[in-house]
Amino acid sequence: MRIVVFCCENSAYQAARQGQLPAEVDLIRLPCGGRVEVLHMLRAFERGADGVLVLTCQEDNCQSLHGSARARHRVEYAKEILQEIGIDPERLQWHPVTSNMGPRFRKIVADMIEGLKLASA
Amino acid sequence: MARWGAFICDGAGVDAASLAGEEVVVTTTLPSQPGDLACKLVGIGTRYNLDGGILIGVVPELVEDLLKDSLRQAGLDPFRLVLVDLRGRDAEGKDREIKAAFARARHLEPAAWAKSEVEQRALIIGGGAAGLQTALSLRQLGLPVLIVEGEQNLGGRLGRLDGLFPYDEDPKGWIQSALEALQDDPEVEILTASNPLALEGQVGDFTLTVQTPGGPVTRRGGAVVLALGSEVRWPAESGLEPGPRVVGLSRLDELTRFRLHHKKVAFLLDLDELGSRVGTLSALRGALRIKDNWGSEVHILCRHLKVDGKPLESMYRKARDMGVVFFKYEEFPKVTETGEKVFLQFQDPDLEYVVVDEAYDLLVVEEEILPAGEVLTEAWGISQPANVRLYPVETNRKGIYMVGCCRDEMDFPGAIQDGTVAAGEIYELLGQGALVYEEDMVKVQTEKCVFCLTCVRICPHGAAEIDLVQEAAFINPAACQACGMCAADCPAQAIVYKAYDNTGIMAQLELGGR
């Protein structure tokens, strides 16, 4: 199983480093959630990801003001595309995570892994 | 071909032999102490004439800036240092992180550094407490300033106050001493009765056009400080009308100056749900003053008393000791007015909702305090939201700061602190006389740009500009804060963000599933 996590370096990327990460996770570091493109998310699925997470700052704490909101909008759009091409949109998720939310980061990842295991069972 | 070095921190638990397949010219183990690490990186990078390095180990974010600074100072390219943080990874995870880092590194282009001279002057708009303090602090740091003030005299709202109780500061004395320090200084220009018309340019080189009594003038400066103050607004939606028996809190000073005498006075606070700390402070100050001057009976009505600031709690206690009575209300009190008296009827939850019915000679109402100059900040695309990453005085635009009541309601010490902080930040920005930045870090490929100006619209930092000659957008490298939002949103894929370009991101995805 492979889970690609697009992380804002100001928040989720730091949260990711606060505990043991499951081997399934590949982190992609971004300067801001606003850098992530629909193309990146779809390419991740194309290259064998079972799940994709976009984890950015809380919306009112984004260094680029609306970078986090834009990431969320793009994830919503990409979910529609997934639906159309027959991939469960729940395989792609956006969550806000601050830099001190290590446990939350691991919970989001664990929940996704569990969801994927259930889906494939 | 690029020459890369691989640096493995001791304690990373990575075997140098495992990197055998990668294209590196030197592999070495380094101490993980930040200082030693920086020295060794620079030393080896220079000796082997490396184009870049992969640093593998336990590298906290905080160390990253230090390392990149050291590299830049030594003439090496910090953007070609790829950090691989292995905290929390097992053997397989480590292997994949390292592979992904090499995949990304292969696509990194070298950075080109540029340096441009800056105007060292700060353009301060607003000559109230916060603006004046910014000017005073900047002069202490040796930078020239321009102060633009709309009124005839400097001082702003501070100049209309009698005292700043509970602080000892005398407002008029403070303004006077600020003026003495500034007015004969050749590096200080003061334009009064003048208003800003237009602001152009970017950090390091702004041009401000000012309407003065003698006509418009332009001034250049490297930084802009907005010290626009606040506006006081009567809370009309409460249904209350100002009159001889009902006055705003901001008018209390002029009222208590006279030998008028009101036997019984009420303060009505928190007209909007939240109310403000400054309102509570002014009411406590007014109540104490009325007690002192008139010896009246004083009641203060509020939803929640805000005593979470330094002088507030002690003032509250003092007011209680002096006999001021505090009431709480949930439903807005019923106010009726005759020529002689104002009647308030309300229920206090702490008094078991018993109906309190009192007649007063004077009702003092808390007004709304709104930031001034919102028309200006909106027109110039400047915002200072309550965002921890910009807190307290930075704005979305580099080199533009907001201080004092135009960013948040505050009392005198708050405004002074803002001015000092802003001056420090400006000194850090302009003190060296030049800005150093990476050229073409985020670049518009003019041949691909269809001039749709999406980037100009969405850039949160106001760094995307219109280049009419090229008929293309242009990302100003000095103002760009490298978020990459424009690169992600460009419909023509014409914008390349070198450090995080699509090739690099895709290369990491190419590792495939397991």
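This report covers a strand of chain B and the interface between chain A and chain B in a predicted model.

**Strand 3 of chain B**

Strand 3 spans residues 52-57 of chain B. 6 of its 6 residues are buried, so the strand is largely enclosed by the rest of the structure. G52(B), I54(B) and I56(B) point one way from the strand. G53(B), L55(B) and G57(B) point the other way, and these are buried too.

Strand 3 of chain B has parallel pairings with strand 1 and with strand 4. The table gives the details.

| Strand paired with strand 3 of chain B | Sense and bridges | One bridge pair |
|---|---|---|
| Strand 4 (residues 81-85) of chain B | parallel, 5 bridges | I54(B) and V82(B) |

**Interface of chain A and chain B**

The size of an interface is often given as the accessible area lost when the parts come together. Chain A and chain B bury about 3,700 Å² between them, with 48% of it on carbon and sulfur atoms. Chain A puts 45 residues into the contact and chain B 42 residues.

The two chains share 8 salt bridges. One of them joins D26(A) to R96(B), with the closest N and O atoms 2.7 Å apart.

On the side of chain A that touches chain B, the elements giving two or more residues are strand 1 (3-8), helix 1 (12-16), strand 2 (25-30), helix 2 (38-46) and helix 3 (67-84) of chain A. Strand 2 of chain A gives the most, with 6 residues. By class, this side of chain A has 19 nonpolar, 13 polar and 13 charged residues.

How values were computed
Residues are numbered from 1 along each chain as its sequence is written. Chains are lettered from A and ligands numbered from 1 in the order in which they are written. This is a predicted model: local features need pLDDT of at least 70, side-chain atom pairs count only at pLDDT 80 or more; totals for chains, interfaces and linings use all residues. Side-chain values use heavy atoms; hydrogens and water are left out. Buried means under 20% relative accessible area, exposed over 50%, partly exposed in between (1.4 Å probe, protein chains only). Helices (H or I, at least four residues) and strands (E, at least two) are DSSP runs, numbered from the N terminus. Two strands pair if DSSP finds at least two bridges between them. Contact means heavy atoms within 4.5 Å. Buried area is the accessible area (1.4 Å probe) that two parts lose on being put together, summed over both. A salt bridge is a side-chain nitrogen of Lys or Arg within 4 Å of a carboxyl oxygen of Asp or Glu. Ala, Val, Leu, Ile, Met, Phe, Trp, Tyr, Cys and Pro count as nonpolar, Asp, Glu, Lys and Arg as charged, and the others, Gly among them, as polar.
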